[in-house]
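Open the structure in your viewer and keep the selection tool at hand. This short tour says what to select at each stop.

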Amino acid sequence: MRIVMLGAPGAGKGTQAKKLIEKYKIPQISTGDILRQSVAEGTPLGKEAKGFMDRGELVPDKVVLGLVEERLGQPDCKAGFILDGFPRNTAQAAALDGMLSKIGKPLQLAISVDVPFEDLMKRLTGRRTCRTCGQMYNVYFNAPAKEGKCDKDGAELYQRDDDKEETIRKRLQVYESQTAPLIEYYGGKGIVRRIKGTGSISDIFNAITAEIDKAGGK
Ligand code: AP5
Ligand code: MG
Ligand code: ZN
């Protein structure tokens with residue numbers, strides 16, 4: 001399956017995508033994760049992206065499109081992929097359509113994880129992530145058994161640089177103005193499925209997999 005995950009910052013795109021990888025054996029492509037890795041490594045791409053990310057703004061399209069095209073060309077994407085955090089505006093969506101139509105493999109589903117605005121701030125300020133395996137936790141909703149340590153491997157948990165209230169507010173504004181219109185964009189192509197993103201992580205996962213399976217599964 002070729003899937004795009006849509007949803008506001010904190011909606012649970014990454015949390016759900018990580019579970020989908022296990023079930024469907026297709027890779028998650030998170031532009032946010034790729035960019036954060038480049039920042040951590042101090043690559044030229046990371047240096048260019050850092051300021052935009054710290055301000056909660058979108059990184060320029062040409063930077064993101066280059067890295068997505070490169071990633072989609074790798075062999076593990078042949079069986080499908082889950083795009084998480086990309087596309088973020090209609091220009092990126094149109095560019096993605098172009099890349100996929102060149103290889104005759106259009107998107108099959110755009111899953112929008114819908115969470116009320118007022119829940120998002122707490123999800124984001126409470127988020128903690130494992131440095132080693134990337135597992136996400138939340139100090140309010142989904143705390144690790146031992147404070148500050150990953151349940152899976154005991155590694156240290158960290159807080160993202162852009163999970164500060166002021167930056168979160170900006171990210172939410174950018175989502176409303178630039179990314180939310182993609183629900184209509186993909187709606188026009190008949191591939192949007194809207195999923196209620198509140199409740200337990202496993203109930204949300206079941207709702208998403210029901211839609212994927214209806215659409216053909218593999
Ligand atoms: P990115 O990394 O994509 O961040 P985002 O869109 O802001 O989304 P998040 O990762 O914050 O949220 P999520 O939906 O993945 O939620 P999660 O599962 O972690 O982008 C970061 C930055 O990179 C951007 O601002 C931009 O600068 C740049 N960038 C990235 N892609 C770009 C692009 N294409 N173009 C341009 N710039 C780009 O869950 C959040 C928390 O909630 C966790 O603590 C989790 O445990 C908890 N949680 C999850 N599910 C539930 C539940 N059901 N109930 C309670 N808590 C829950
Ligand atoms: Mg994420
Ligand atoms: Zn871990």
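**Stop 1: the sheet**

Select the open sheet of 5 strands; the order is β2-β3-β1-β4-β8, with parallel pairing. Strands pair if DSSP finds at least two bridges between them. Strands (E, at least two residues) and helices (H or I, at least four) are DSSP runs, numbered from the N terminus. The edges are β2 (28-30) and β8 (192-196), each pairing on one side only. From one strand to the next, the twist averages 20 degrees.

This is a predicted model: local features need pLDDT of at least 70, side-chain atom pairs count only at pLDDT 80 or more, and totals for chains, interfaces and linings use all residues. Residues are numbered from 1 along each chain as its sequence is written, chains are lettered from A and ligands numbered from 1 in the order in which they are written, and side-chain values use heavy atoms, with hydrogens and water left out.

**Stop 2**

Select β1 (residues 2-6) and β4 (residues 109-114): they pair in the parallel sense over 4 bridges. Find V4; its bridge partner in β4 is A110. Axes are lines fitted to C-alpha atoms, for helices over the stretch in contact, and angles run from 0 to 180 degrees between N-to-C directions.

**Stop 2**

Finish on C150 and D153. C150 counts as buried because its relative accessibility is 4%. D153 is partly exposed, at 36%. Buried means under 20% relative accessible area, exposed over 50%, partly exposed in between (1.4 Å probe, protein chains only).
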